[in-house]
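Open the model in your viewer and keep the selection panel at hand.

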Amino acid sequence: MIQSDSSAESYHIKSYYAATTIGLRSYPKIKESERCDVCVIGGGFTGLSTALNLAELGYDTVLLEAKRVGWGASGRNGGQVGTGMHWSQQELENKFGAEQAANLWNITELAKREVTKRISRHQIACDFKSGVLATAVTRKAAAELEKNAIYLQEYYNHAAIRYVSSDEVSEMLGTSSYFGGSLDTSSGHFHPLNFAIGLARAATDAGVRVYETSPVRAYHKNLDGYSLETNLGAEVRARYVVFACNAYIDRLRIKFSRYIIPIESMIVATEPLSAKQASELIRDDVAVYDSKFCLDYYRLSADKRLLFGGGEAYIPNLNVDVARTMKRRIIAVYPQLTNTRIDYAWRGKIAITTSRLPSIGRLFPDVYYAQGFSGHGVALTNMVGKILAETIAGTAEQFDVLASIPHRSFPGGRVMRWPIHVVGMYYYALADRLLTRSFG
Ligand SMILES: Cc1cc2nc3c(=O)[nH]c(=O)nc-3n(C[C@H](O)[C@H](O)[C@H](O)COP(=O)(O)OP(=O)(O)OC[C@H]3O[C@@H](n4cnc5c(N)ncnc54)[C@H](O)[C@@H]3O)c2cc1C
């Protein structure tokens, strides 16, 4: 059951998640220099999962987090533990061939199992529920969802997915906004910050030394490994390094950060709804996302609030009124919520790549990075952490599958890559509006 823990708000940005943490611990700042086998930088799902798996494999591991465990995207997101990647399997097959597409599919299927395995093994109270419904805002998108569901059933033996007609979507969601959908019962949703808190507890129980408010400001190669310099003066010397900083890497300028740019997504939580009202909105308590380029995603929390996200912002620190912007988007789907109060409003950074597929690789033989999950990282980060740990321990095949995805730098160099991308994004956002108007 969810309990309120207001002290969490001083650690994290103000959000529904921070107000409802369970078992929050704080971890010390690093005060003295130390040595370890592996230093993981970043305490989101990627870093926590990597560190936990490494400790279980017997590696002496230190995790350095600039703010708090789960402070980044991992503790702020829509909580959807989804199937697959940004591309459909057919698109992956066309680009990379059938074998590679199947390998990627297997990794993403294992990713969902990795999440549920961790929840039950470490008894993480994070309100996991099954079911994600993708909805179509145009007839064309509905036809694509149907085609994709049939394809996954036939060629990937994925019985958990089925096409849902527009009438059934209306019954499930109490809105006539959609032309159809596909329901995947192997996907699910949860309280992401509580999951991160649970992973950190499991990691420390397994022997990982977690340090919070300990930002890494530089790293150097030595004769016997690497040294990570922190802002606090203390440094960590390690044989292996894993960068798991994602969209929050900004000040650490490293070669691989040119493969990503940060965009912001917004989320709000309404006041708690009555059980009747909640089931009229989302009958089966599944998570929902729509087919727009700048998509809406939503679900109910354990205490029956509507958590509604979307409305990507391409200009960081812009003074957007998140609650007002998102209320407009909610009312477009659920006009019956016009008088419903918004209790929490927050934003988070998503790291996207040019292809919208994750950017995972090696800088040197002993330095790894994983980033750019492009809004599809909740499940995948957890599998990537396991793969990175196993790679360091010497089992490299799955790492090579992910590392073989080619990535282009964002055009424009360090200064211009972001403004050039913003123009492109606005083009697609405009196309969303025109499409939904002409087909809807
Ligand atoms: C609003 C929002 C909604 C989303 N919804 C979904 C969803 O529903 N489903 C889905 O699959 N994905 C979703 N995503 C994406 C998903 O949350 C991410 O892909 C995933 O959490 C990335 O995890 P991570 O560990 O790689 O990065 P993060 O969780 O961002 O963690 C990176 C960490 O690195 C730390 N760090 C950075 N630099 C340093 C440094 N120099 N020293 C030490 N530490 C450092 C940061 O403080 C941060 O805590 C969403 C993202 C956002 C922002």
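Start by selecting strands β10 and β17 (residues 367–371), which pair in the parallel sense over three bridges. Pairing here requires at least two DSSP bridges between the strands. Helices (H or I, at least four residues) and strands (E, at least two) are DSSP runs, numbered from the N terminus. Now pick Phe-243: its bridge partner in β17 is Tyr-369.

This is a predicted model, in which local features need pLDDT of at least 70, side-chain atom pairs count only at pLDDT 80 or more, and totals for chains, interfaces and linings use all residues. Residues are numbered from 1 along each chain as its sequence is written, and side-chain values use heavy atoms, without hydrogens or water.

Find Arg-35; opposite is Arg-237 in β10.

Ser-227 stands opposite Arg-237. Four residues separate β9 and β10 in this hairpin; click Gly-233 in the turn for a positive phi of about 95 degrees.

Now go to helix α8 (residues 192–205). Is it enclosed or open? Among the buried residues are Phe-195, Ile-197 and Leu-199. Show α2 (16–19), α3 (45–56), α5 (98–121), β13 (297–300) and α11 (377–392): the buried residues of α8 pack against these.

How values were computed:
Expected span 1.5 Å × (residues − 1). Buried < 20%, exposed > 50% of the residue type's maximum accessible area, 1.4 Å probe, protein only. Contact = heavy atoms within 4.5 Å.
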